[in-house]
Amino acid sequence: MAFPPQLKIAATYMRGGTSKGVFFKLDDLPLAAQTPGPARDKLLLRVIGSPDPYGKHTDGMGGATSSTSKTVILSRSSRADHDVDYLFGQVSIDKPFIDWSGNCGNLTAAVGSFAISNGLVDASRIPDNGTCVVRIWQANIQKTIIAHVPITNGEVQETGDFELDGVTFPAAEVQVEFMDPASDEDADESGKGSSMFPTGNVVDEFEVPGFGKLQATFIDAGIPTIFVNAADIGYTGTELQGAINENADALLKFETLRAHGALKMGLISSIDEAASRQHTPKIAFVAPPADYVSSSGKAINAGDIDLLVRAMSMGKLHHAMMGTAAVAIATAAAVPGTLVNLAAGGGDRNQVVFGHPSGTLRVGAEAKQVNGEWTVTKAIMSRSARVLMEGWVRVPQD
């Protein structure tokens, strides 16, 4: 029996922040995959190697973790004052599913670099030396992101001495600004909720099977996120991945918490829908500063951080911090009275340094209250990015 040859598709494998993924130009994809739908999803699943019942992604480009099972599609932007349209797909490891509901803040750091190197940014906007400001339209969440990409001799500067906890080697610093990161969704017909806080409150109490009554901050900034106090769910906030990811009961309880939180935020209309929305919302738990040892063996001193944060991504504790969740942390920290703000000591803040499993991260946000509702104009963080491999991916045809 004869089988057709593999498809050969131009692609770039990139690290952005503490994530990595396969990047494509839209017009390099097969025609059927250039529009959203089953053909696109099927192709990208096969590129990554999902679904994989072995959980290894041996037959694909994925890394079998939420941080490394990612795809990005980029094209020149048709929007005024934007350079590139950025679409992100979070690929499930063990299910035939791609979640298009949110952004990847880490890979955002690589979008500007890819766009410059692949002709998606007008040459007149690229300096010979200095910084190229890349205006990104994030198509998943319909938001503007600004990436400040270093340029040397007309090309993207990838090497440097900027160190990012969770990434082994230093690289060039890329500053990323998430403009107006809160959701644009209006309050519902009952008048409940504002764009940033879906329930209309900075702290709510809700009941979750397995946990009982919990306090929570529900926020939609960067990515829909549910913050709870570590102590309320039996943790200290100093946990590393093994403490949670090797505990099946804990993972099940976190998924229950996520599902009930999604319902409370109005992201789903029934608990059953949570299974088809794995990428959002995120769950994070916070605590006041404490000494701990990071996953690399680095000692983190309580005096060097403002709070502790641990976050769940695609059903597992993240090894560092998702970029979009860092936006949510920065935003919530800037609003007095949220659980994040209180864990950091309360009061007015425009930046915090938080401890995560791999180390620390500084993030900032500009928030203000308008007509009784909190808004945020932008959140800022620094990341790094570099090309790992470029050429073509091969994908078997049916």
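## Aromatic rings

Two rings of Phe, Tyr or Trp are taken as a pair if their centres lie within 6.5 Å, and a pair counts as stacked when the planes are under 30 degrees apart. By this rule, ring pairs link Tyr235, Phe254 and Phe285 into a cluster in this structure, which is a predicted model. A search of the whole structure finds five aromatic pairs. One of them is formed by Phe254 and Phe285, whose ring centres are 5.8 Å apart and whose planes meet at 25°, so this pair is stacked.

Phe254 counts as buried at 3% relative accessibility, and Phe285 counts as buried at 0%.

The domain assignment divides the protein chain into domain 1, which covers 7–180 + 385–395, and domain 2, which covers 204–373. The centres of domain 1 and domain 2, taken over C-alpha atoms, are separated by 25 Å, and the contact takes 21 residues from domain 1 and 23 residues from domain 2.

Between them, domain 1 and domain 2 bury about 1,500 Å², of which 54% is on carbon and sulfur atoms. On the side of domain 1, Ser66, Phe97 and Asp165 supply 29% of the area buried against domain 2, more than any other three residues. The count between the two domains is one salt bridge. Asp165 also forms a salt bridge with Lys298, in which the closest N and O atoms are 3.5 Å apart.

## A buried valine

Val149 has its place in strand S7 (residues 143–152), and at 0% relative accessibility this residue counts as buried. Leaving aside residues up to four places away in sequence, Val149 touches Gly112, Ser113, Ile116, Gly130, Thr131, Cys132, Val134, Val156 and Val174.

## Salt bridges

Side chains of opposite charge can pair when their charged atoms come close. The structure holds nine salt bridges. In one of them, Asp59 pairs with Arg46, with the closest N and O atoms 3.1 Å apart; Asp59 lies in the loop between H1 and S3, and Arg46 lies in helix H1, 13 residues apart. Asp59 is exposed, with a relative accessible area of 56%, whereas Arg46 counts as partly exposed at 31%.

Asp83 forms a salt bridge with Arg125, and here the closest N and O atoms are 3.0 Å apart. This pair links the loop between S3 and S4, where Asp83 lies, to the loop between helix H2 (105–117) and strand S6 (130–138), where Arg125 lies, 42 residues apart. Asp83 is buried, with a relative accessible area of 6%, and Arg125 counts as partly exposed at 28%. Within helix H4, Glu255 and Arg258 lie three residues apart, about one turn of the helix, and their side chains meet in a salt bridge of 3.0 Å, N to O. Glu255 is partly exposed, with a relative accessible area of 29%, while Arg258 is buried, with 7%. Salt bridges that share partners also join Asp83, Arg125 and Arg135 into one network.

Most residues other than glycine have a negative phi, and most peptide bonds are trans. A cis peptide bond, however, joins Ser50 and Pro51, with omega about -5°, and Pro51 is found in the loop between helix H1 (38–48) and strand S3 (70–76). Another cis peptide bond joins Thr280 and Pro281, with omega about -5°, and Pro281 is found in the loop between H4 and S13.

Phi of Asp81 is near 65°, a positive value in a residue other than glycine; Asp81 is found in the loop between S3 and strand S4 (84–91) and counts as exposed at 60% relative accessibility. Asn153, with phi near 55°, also has a positive value; this residue is found in the loop between S7 and strand S8 (155–156), and at 64% relative accessibility Asn153 counts as exposed.

Key. Residues numbered from 1 in each chain as written. Predicted model: local features only at pLDDT ≥ 70, side-chain atom pairs only at ≥ 80, totals over all residues. Heavy atoms only, no water. Phe/Tyr/Trp six-rings, centres within 6.5 Å; stacked < 30°, edge-to-face > 60°. Buried < 20%, exposed > 50% of the residue type's maximum accessible area, 1.4 Å probe, protein only. Helix = DSSP H or I, 4+ residues; strand = E, 2+ residues; numbered from the N terminus. Contact = heavy atoms within 4.5 Å. Domains from an automatic or database assignment. Buried area = accessible area lost by both parts, 1.4 Å probe. Salt bridge = Lys/Arg side-chain N within 4 Å of Asp/Glu carboxyl O.
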